[in-house]
Amino acid sequence: MKKLFLALLTLITTACGLIQYSVQDVVDIGYRSTLYVQTDVGHCTGFAIDYDIVVTAAHCIDLPNVFMKFGDASVLGEVLIDDNASDIAVIHTLERIPGVIPLLVNENELRAGERLIGIGFPFYTGPEVTFNIGYYLGVADDVIMATDVCYRGSSGGAVLDEYGRVVGICSRIGPMIDFYGEGLHHSHKDLNVLVPIK
């Protein structure tokens, strides 16, 4: 019943404008698009933007073909784009991913302090997808700066806005640093660097 409800919400959002979801609704939307990306050295996270297209971080890619999991389903994909400079990779799966719901993309400007939700597979829980809540800080050197949405293992995972749309890709976690941008001053041990999805 909840799956039907979320599907209806997505249709209404697309047809009639944006609906601001609860955190749990955004998390549910994110979970339905998130894949476990296996690498030679561990794992990362990816997310679907179409039924056979997955986006992840380029530093997660070490082979021309990628093994992924979505729930209990094994998914094999071919790397179409592996852009290390921007830290973005695009994977075409050999067949449609069963049960996946692709994410919508937010191409609008974010507001300072806007709540963001990162979805991914942290190393400490293995193949259990989870989420973190953080906040948008600003843009520096063409990347998004945020707090608390990324963690080890969630590289390549989607960061969503309050409407369930992807705004960026988890790329790096910074040390305790000061960030100055858009009138903000922030010092945090988990300053996150996101690749803008647009």
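Two strands pair if DSSP finds at least two bridges between them. The exercises below apply this definition to a predicted model.

**Exercise 1. Determine which strands pair with strand 3, and in which sense.**

Solution. 
Step 1. Consider strand 2: three bridges link strand 2 to strand 3, and the sense of pairing is antiparallel. One of the bridged positions is Asp50, whose partner in strand 3 is Ile53.
Step 2. Two residues separate strand 2 from strand 3, and the two strands form a hairpin.
Step 3. Turn to strand 6 (residues 88-93), which is joined to strand 3 by four bridges and runs antiparallel to strand 3. Here Val54 stands opposite Ile91 of strand 6.

**Exercise 2. Describe the position and surroundings of Asp40.**

Solution. 
Step 1. Locate the residue: Asp40 belongs to the loop between strand 1 (34-38) and strand 2 (43-50).
Step 2. Classify its exposure. The cut-off for exposed is over 50% relative accessible area; Asp40 has 60% and is therefore exposed.
Step 3. Identify its contacts. Beyond residues up to four places away in sequence, Asp40 touches Asp62 and Leu63.
Step 4. Compare sequence and space: Asp40 and Asp62 are 22 residues apart in sequence, and their C-alpha atoms are 7.2 Å apart.

How values were computed
Residues are numbered from 1 along each chain as its sequence is written. This is a predicted model: local features need pLDDT of at least 70, side-chain atom pairs count only at pLDDT 80 or more; totals for chains, interfaces and linings use all residues. Side-chain values use heavy atoms; hydrogens and water are left out. Buried means under 20% relative accessible area, exposed over 50%, partly exposed in between (1.4 Å probe, protein chains only). Contact means heavy atoms within 4.5 Å.
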